[in-house]
Amino acid sequence: MVASKKTPSGERIVRCPACGKDSVYAPSNPYRPFCSARCKGIDLGAWANEEFRMPVEAPPEDEPFGDPKIQ
Ligand SMILES: [Zn+2]
């Protein structure tokens, strides 16, 4: 366990989920919990990409063998 850090002005510091560096978790940081726009963009991009790749329905891979239309 690590004690939560704070800035001299009392703002909470968290670890940026993208790069692991210190990030100010306060209204002064519009990208919180990320440290920067770049890190926030990276995470959103990965998320959107992941969702895009998710099929809406599972393909019928486990159909029984010997489909008469194919045979
Ligand atoms: Zn970062």
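**Zinc site and strand pairing: reasons for the terms**

User: Why does C35 count as partly exposed?

Analyst: The relative accessibility of C35 is 29%. Buried means under 20% relative accessible area, exposed over 50%, and partly exposed in between (1.4 Å probe, protein chains only). The value of C35 lies in between, so C35 is partly exposed. This is a predicted model, in which local features need pLDDT of at least 70 and side-chain atom pairs count only at pLDDT 80 or more, while totals for chains, interfaces and linings use all residues. Residues are numbered from 1 along each chain as its sequence is written, and side-chain values use heavy atoms, with hydrogens and water left out.

User: What makes C16, C19, C35 and C39 donors of the zinc ion?

Analyst: Donors are N, O and S atoms within 2.8 Å of the metal (3.2 Å for Na, K and Ca); water is not among the atoms, so sites may look incomplete. The SG atoms of these four residues lie 2.2 to 2.3 Å from the zinc ion, which means that they meet the criterion. Their spacing in sequence is C-x2-C-x15-C-x3-C.

User: Why is the site of the zinc ion called tetrahedral?

Analyst: Four donors count as tetrahedral if all angles lie between 85 and 135 degrees; four count as square planar and six as octahedral if opposite donors are over 155 degrees apart and all others between 65 and 115; anything else is irregular. The four donor atoms here make angles of 105 to 116°, so the site is tetrahedral.

User: What does the UniProt record say of these residues, and how do you know that they gather at one spot?

Analyst: The unreviewed UniProt entry places the feature "binding site" at C16, C19, C35 and C39. They span 24 residues in sequence, but no two of their C-alpha atoms are more than 8.2 Å apart, so they gather at one spot. UniProt positions follow the numbering used here, feature names are shortened, and annotations may be inferred rather than shown by experiment.

User: Where do C16 and C39 lie, and what do they touch?

Analyst: C16 is in the loop between strand 2 and strand 3, and C39 is in helix 1 (residues 37-53). Helices (H or I, at least four residues) and strands (E, at least two) are DSSP runs, numbered from the N terminus. Contact means heavy atoms within 4.5 Å. Leaving aside neighbours within four places in sequence, the contacts of C16 include S23, F34 and C39, and those of C39 include A18 and F34.

User: How do you know which strands pair?

Analyst: Two strands pair if DSSP finds at least two bridges between them. Strand 1 (residues 5-6) and strand 2 (residues 12-15) have two bridges, so they pair, in the antiparallel sense. Strand 2 and strand 3 (residues 22-25) have four bridges and are likewise antiparallel. R15 stands opposite D22 in strand 3. These two strands form a hairpin with six residues between them, and G20 in the turn has a positive phi of about 85°.
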